[in-house]
Amino acid sequence: MIDRELKKGTTPLLILALLEQEARHGYELSKLIEVRSRGVLSVHAASLYPLLYRMEKQRWIRGRWVEKAGQRRRRYYQLTSAGAEVLAAQRNSWTEFVGAISRVAGVEYA
Amino acid sequence: MRDWRNEIRRRLADAQLSAAQEAEIVEELAQHLEDRFQELIKRGSKEADAGRIVLGELEADNLGRTLREVKPRVNAADPMGGDGRDGLLYGVWQDVRYAVRTLRLSPAFTGAAVLALGLGVGAATAVFSLLNGVVLRPLSYDQPDRLVMVWEKDNEKVLSRQPVSPVNVMDYRRLRSAFEDVAAWWKPEINLVDGAGEPIRVSTVETSENLFQVLGVSPVLGRGFQIDSTLHGTESEAVISHRLWQSRFGGDRSVIGRAVRLNGSDFTIVGVMPPSFQFPDQTDLWQRLQWDLAQHSRHAHFMQAVARLRPGITAELANRELTALSVRLGKEFPPSNRNRGAHAVVLGEDVAGVFRPGLFALLGAAGLLLLIACINVANLLLARSAARQTEIAVRATLGATRARLVRQFLFESLVLAGAGTLLGLVVAIAGVQAVLRWSPIDIPRAGDIAVSGVVLLFTALATVATAIVFGVAPALLASRANLQSTLKQMTRGTTSGNARARSVLVVAEVALAVALLAGAGLLIRSVNALLDEDSGVEAAQVVSVDVALPEADYGSWQNPQLWPRAEQFYSTLLTRLRARPEITSAGASNFLPLEAGWRVRFRLPGDVPAQPGEETLAQYHTVDDAYFKTIGVRLLGGRHFDERDRADAPGVVIVNQAFARQFFPGSNAVGKQVIALANNVGPLGVRLVRENLHEVIGVVADVKNTSLKAEAEPAIYSTVRQFPFLKMYIVGRGQVDAATLVELIRTEVQRIDPNLPLGEVRTLERVLAASADPPRFIMLIMTVFAGLALLLSAIGIYGILSYNVNQRSRELGVRLALGARPLDVLALVVREGVGLSLAGAALGVLAALAGSRWLSGLLYGVQPNDPLTLVVVVTLVLLVALIACVAPGRRAALSDPAHTFRSG
């Protein structure tokens with residue numbers, strides 16, 4: 001299992017990344033994180049939504065209720081321009097960080 | 001589809017969300033949970049298992065608390081951020097509930113604040129209530145501000161508040177320009193025998209017929225006395241108190257017209273007074289005056305008088321008239337009225353008596369305590385607001401209007417003040433009950449004392465004002481302040497202005513506590529000094545019981561032929577008591593130690609009696625043979641009284657050392673002669689020896705005969721054989737306990753006269769200690785106050801140090817990391833705490849010096865600026881401050897630098 005602290009620090013990055021292509025709702029985000037990490041990472045409702053609201057308050061993402069025909073309305077989150085900047089910055093530092101860890105610890109970066 | 005909404009709502013209870021907000025979040029989460037649930041079913045889970053898993057995942061974090069921290073922003077419709085519905089009354093209930101919830105989240109803060117407020121409000125209310133009942137509340141008479149007590153005074157001896165002469169009373173009564181009317185009474189000791197039960201001693205006054213009319217109070221049952229122009233009548237009538245009516249006659253209305261035997265004469269009960277009527281003091285029976293005031297003696301001063309001022313006349317004006325009249329009387333009747341004056345004292349002031357200065361000192365102390373409590377709460381609120389800067393800033397960012405923020409803080413303050421006031425009410429009620437119950441002394445008008453609603457309202461307003469000012473002001477300031485800077489500050493550093501304000505408050509708190517402690521310390525020393533005074537007697541193992549013989553059977557100035565019977569009664573009683581093996585010694589006196597005897601004139605043979613009325617005064621006491629031995633007073637020369645000193649033998653007296661020193665300086669007083677001018681003292685006692693000339697047969701050591709504070713006045717003692725009194729104190733010394741001694745005395749008294757009840761029973765130790773009761777009472781309450789003040793200050797110091805240690809954790813961590821020893825860090829914290837207390841102590845000493853003159857009337861044997869008291873107080877405060885530093889200091893010294901950095 002991934003260390004709790006590490007996970008807490010990286011989840012916003014994952015969410016920003018997942019929202020880069022398109023707007024998604026909360027369940028979709030949690031599902032994608034689990035699937036794409038092949039089950040290593042998982043984010044449950046209890047921690048996901050507070051995080052989403054916090055990111056929304058920081059104006060990195062914006063939530064909006066969207067009604068589609070024949071479905072219940074759902075809340076979709078999309079990346080704001082501020083969020084895009086944060087994502088770019090975090091990607092950079094993450095790459096640097098992972099590189100540094102690999103060099104020091106001798107871990108190959110897949 | 002399962003309904004997840006209730007599960008979610010339950011978990012959101014802590015989040016303090018608006019209804020709209022909650023609805024949206026519930027909707028969003030419910031969908032998520034449903035999707036997850038369906039997925040699990042699809043993967044083959046049973047429904048029950050799937051449900052459990054979903055809910056388990058919902059438990060992972062404390063959803064409510066997390067959400068509360070986040071304060072989600074949903075469609076920009078956040079009620080806490082203001083949604084345009086900020087009407088004055090909108091959501092008052094919601095605000096109150098929210099405030100209660102917020103306060104419950106910090107129980108330490110809330111508890112401390114409510115406790116501080118409760119103690120402050122309670123103590124202040126209790127003392128205000130006492131003061132209100134004893135001093136301030138109007139007396140329950142008609143237009144009480146027009147009532148004055150009339151006292152005479154001896155201009156030579158500067159004795160004020162002396163009893164008045166009955167003849168003078170009639171003169172005062174003729175001052176129609178000042179007084180509407182004057183009533184007078186005296187207190188015979190009355191034994192009531194009514195066949196309904198054991199004979200009892202009843203607190204009685206024999207009063208001029210107009211007393212009830214002057215006071216403006218009518219009986220609730222029956223009638224008062226008919227008023228004759230001479231204020232006396234021949235009918236034997238009595239009015240009884242409500243209390244006596246209930247206790248002795250079971251509230252039977254047929255009591256009117258019933259005959260009772262008072263001191264051997266039959267009286268008819270004509271009226272019952274209302275329950276609230278207590279005048280004078282706790283009188284139970286008012287006997288109609290049966291002799292003519294004008295026909296008595298101007299020399300005899302044994303009555304008390306109350307007058308009703310004419311409308312529009314002040315006590316001052318009345319006093320001017322009384323002075324003029326006294327001068328006139330002095331010229332007209334020099335032997336009796338030379339150098340005597342009269343003065344009027346407003347009844348309300350007179351009733352409160354010794355308590356007035358004491359209660360005002362307590363009032364000041366209660367005010368200080370309330371102030372300290374308010375400061376403490378202010379301090380706590382400021383600390384809390386500092387910790388909530390972030391919250392305020394975030395709310396403001398999210399669009400909360402200033403009004404909204406202020407309103408929220410206002411409600412928190414109000415809830416705090418409300419809880420504090422409630423606790424205060426409980427403390428006040430308990431406090432007043434405790435005082436009334438355990439007070440060592442008789443409190444005047446105790447029946448009128450109750451926790452006053454007005455007073456409680458006043459103190460509650462004071463606390464509410466404090467809570468509002470210090471609770472809301474930070475919100476106002478913070479919401480106006482630059483948001484950027486606040487948000488920056490929230491990560492590090494302190495809000496220095498706030499911290500400074502709090503330091504100032506702690507200094508003030510310590511200063512006030514020092515002032516209160518100094519006051520309490522001075523009073524403790526005074527009381528000790530007072531009780532250490534040598535009374536001149538050995539009080540241990542001595543009891544005193546008073547016996548009052550009825551005039552009808554034992555003599556009065558109307559039937560003087562009976563007087564030898566009084567003398568016989570006491571000789572027989574004392575002889576029998578001395579025969580009991582349990583009693584080592586028994587004696588009698590008409591005054592106990594610390595009581596002033598009758599101050600009557602005397603002359604020395606050979607003195608030129610220049611002017612009648614210029615003779616010198618001495619106290620006259622009547623004692624029996626063994627009185628001095630029983631209370632342990634040494635005979636310094638000559639002999640004690642014995643059976644030689646009969647009524648038909650030459651007159652003899654014993655004098656005290658003060659008398660001998662003053663009037664026979666440098667020579668032996670024994671064998672000298674004095675001309676004793678007292679032949680009778682009102683109807684109470686009569687001299688049976690014709691000759692004025694008395695030989696001094698002995699000199700005894702001084703017994704304090706006014707108070708513990710004053711040196712003994714010159715005193716002349718006569719023997720009960722030659723100058724008998726109806727009422728005498730029987731004193732007995734024995735190896736058995738006080739109750740047994742009293743029982744022995746009772747048995748012997750009843751063997752001689754079965755109709756005689758015993759009066760007040762006290763140990764001699766209690767008699768002496770009672771004189772220190774008023775200052776001791778004030779001292780006790782003051783000490784409790786000072787203790788509370790010290791406790792509150794300690795909480796204050798602890799609070800600010802803990803807060804500062806938290807704020808400086810980064811700095812302290814750096815110091816530790818750089819090699820500072822934990823002891824250095826501890827010293828840093830302690831230095832701050834001690835610094836604050838020293839500053840407070842310095843100010844407090846100044847305040848104590850300035851304020852001690854308010855106490856000076858209560859102090860004895862100690863200077864208001866007593867250095868020892870101040871040193872002890874300051875040391876105590878510093879010690880307590882040190883203790884308050886320990887916990888925060890320890891936390892600072894033991895803090896882990898690594899942890900500090902991580903969390904910083």
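Biologist: Before anything else, what counts as a helix here?
Modeller: A helix is a DSSP run of H or I with at least four residues, and helices are numbered from the N terminus. The model is a predicted one.

Biologist: Okay, take helix α2 of chain B. How many residues does it have, and how far does it reach?
Modeller: α2(B) covers residues 19-42, which is 24 residues. From its first C-alpha to its last it reaches 34 Å, close to the 34 Å expected at 1.5 Å a residue.

Biologist: And what follows α2(B)?
Modeller: Gly44(B) follows α2(B), and its phi is positive, near 105 degrees.

Biologist: Which residues in α2(B) are buried?
Modeller: Gln21(B), Ile25(B), Glu28(B), Leu29(B), Ala30(B), His32(B), Leu33(B), Arg36(B) and Phe37(B).

Biologist: What covers them?
Modeller: The cover includes elements from both chains: α2, α3 and β3 of chain A, together with α1 (5-11) and α3 (47-59) of chain B.

Biologist: What does chain A look like overall?
Modeller: Chain A has 4 helices and 3 strands, in the order α-β-α-α-β-β-α along the sequence. Of its 110 residues, 25% are buried.

Biologist: Why is Arg59(A) called partly exposed?
Modeller: Because it has 13 other C-beta atoms within 10 Å, and the partly exposed class lies between 12 or fewer for exposed and 20 or more for buried.

Biologist: And in chain B, what is the phi of Gln143(B)?
Modeller: Positive again, about 40 degrees, and Gln143(B) is not a glycine. Gln143(B) lies in the loop between α6 (107-136) and β1 of chain B. With 13 C-beta neighbours inside 10 Å, Gln143(B) counts as partly exposed.

Biologist: Changing topic: how many residues of strand β11 in chain B are buried?
Modeller: 5 of the 6 residues in β11(B), which spans 304-309, so the strand is mostly covered.

Biologist: How many bridges join β1 of chain B to β11(B)?
Modeller: 4, and the two strands run antiparallel, with β1 at residues 147-154. Leu147(B) stands opposite Arg308(B) in β11(B). Strand β3 (179-186) of chain B is joined to β11(B) by 6 bridges, also antiparallel, and there Phe179(B) stands opposite Leu309(B).

Biologist: Last one. Is Ser326(B) buried or exposed, and why?
Modeller: Ser326(B) is buried, because 23 other C-beta atoms lie within 10 Å, and 20 or more is the cut-off for buried. Its place is in helix α10 (315-332) of chain B.

Biologist: What is Ser326(B) in contact with, leaving aside neighbours within four places in sequence?
Modeller: Arg340(B), Gly341(B) and Ala342(B). Ser326(B) and Arg340(B) are 14 residues apart in sequence and 6.7 Å apart in space, C-alpha to C-alpha.

Conventions:
Residues are numbered from 1 along each chain as its sequence is written. Chains are lettered from A and ligands numbered from 1 in the order in which they are written. This is a predicted model: local features need pLDDT of at least 70, side-chain atom pairs count only at pLDDT 80 or more; totals for chains, interfaces and linings use all residues. Two residues are in contact if their C-beta atoms, placed from the backbone, lie within 7 Å. Two strands pair if DSSP finds at least two bridges between them. The expected span of a helix is 1.5 Å times one less than its number of residues.
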